Amino acid sequence: MPLDRDWIAQRIPHAGVMCLLDRVLTWDADRLRCLAISHLSPGNPLRSGGRLSVVCGIEYAAQATAVHGALRAAGGGEAPRSGFLASVRNVEFHVRRLDTLGGDLVVEVERLTGDGNDALYQFRLLAADGRALLTGRLAVRLDADAGGKR
């Protein structure tokens with residue numbers, strides 16, 4: 001089964017143009033690497049004044065963690081769990097904008113640690129030529145609406 005935009009959109013809480021990722025390239029229990037082209041679209045919902053700031057790359061990384069969580073759950077025979085972005089740390093911006101890049105955007109996330117309801121990921125957004133655009137860490141809280149119970 002191809003892990004394309006349709007597959008992704010069915011498994012994360014972002015629909016329509018807000019689903020920013022286009023394809024999963026590789027993944028394992030700890031890492032995910034995916035591809036996006038939505039940064040080039042004039043209809044990207046994160047654009048402001050016709051521009052897409054590099055800070056919007058944090059949303060790309062957050063969506064990649066949701067995809068990774070869905071893949072991990074499916075591998076364990078579980079249903080995907082809802083969650084939200086709890087914090088972002090150690091962010092380094094290497095460019096100002098994403099919409100001025102030519103070519104694909106590569107989003108990489110690595111799960112550093114996690115328990116039943118929390119996960120800490122390291123992320124990198126890369127240009128098609130491998131140049132780092134944005135790096136950092138983000139924490140995700142799962143099943144927050146369930147009061148920590150599954």
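Trainee: With which side chain does Arg31 meet in a salt bridge?
Mentor: The model is a predicted one, in which local features need pLDDT of at least 70 and side-chain atom pairs count only at pLDDT 80 or more, while totals for chains, interfaces and linings use all residues. Residues are numbered from 1 along each chain as its sequence is written, and side-chain values use heavy atoms, with hydrogens and water left out. A salt bridge is a side-chain nitrogen of Lys or Arg within 4 Å of a carboxyl oxygen of Asp or Glu. At 3.8 Å, N to O, the partner of Arg31 is Asp28.

Trainee: Are Arg31 and Asp28 buried, partly exposed or exposed?
Mentor: Buried means under 20% relative accessible area, exposed over 50%, and partly exposed in between, with a 1.4 Å probe and protein chains only. Arg31 has a relative accessible area of 40%, and Asp28 has 35%. Because these values fall in the middle class, Arg31 is partly exposed and Asp28 is partly exposed.

Trainee: Which residue is linked with Asp28 and Arg31 in a network of salt bridges?
Mentor: A search of the whole structure finds 9 salt bridges. Asp28 and Arg31 belong to a network of them, and the residue linked with this pair is Glu110.

Trainee: How many residues apart in sequence are the parts that Glu108 and Arg33 tie together?
Mentor: The side chains of Glu108 and Arg33 meet in a salt bridge of 2.5 Å, N to O. Strands (E, at least two residues) are DSSP runs, numbered from the N terminus. Glu108 lies in strand 4 and Arg33 in strand 2, so the parts tied together are apart in sequence by 75 residues.

Trainee: Which residues line the second largest pocket?
Mentor: On a 1 Å grid over the protein atoms alone, where a 1.4 Å probe is used, a pocket is an open set of points with protein on both sides within 12 Å along at least five of seven lines; lining residues have an atom within 4 Å of a point. Strand 1 (23-27), strand 2 (31-36), strand 4 (105-114) and strand 5 (118-127) each supply at least two residues of this lining. The lining residues are Thr26, Trp27, Asp28, Arg31, Leu32, Arg33, Glu108, Val109, Glu110, Gln122, Phe123 and Arg124.

Trainee: How many charged residues does the lining of the second largest pocket have?
Mentor: Ala, Val, Leu, Ile, Met, Phe, Trp, Tyr, Cys and Pro count as nonpolar, Asp, Glu, Lys and Arg as charged, and the others, Gly among them, as polar. The lining has 4 nonpolar and 2 polar residues, and its charged residues number 6.

Trainee: Near what value is the phi of Asn90?
Mentor: Most residues other than glycine have a negative phi. Asn90, placed in strand 3 (residues 83-93), counts as exposed at 53% relative accessibility. Its phi is positive, and the value is near 50°.

Technical notes
Helix = DSSP H or I, 4+ residues; strand = E, 2+ residues; numbered from the N terminus.
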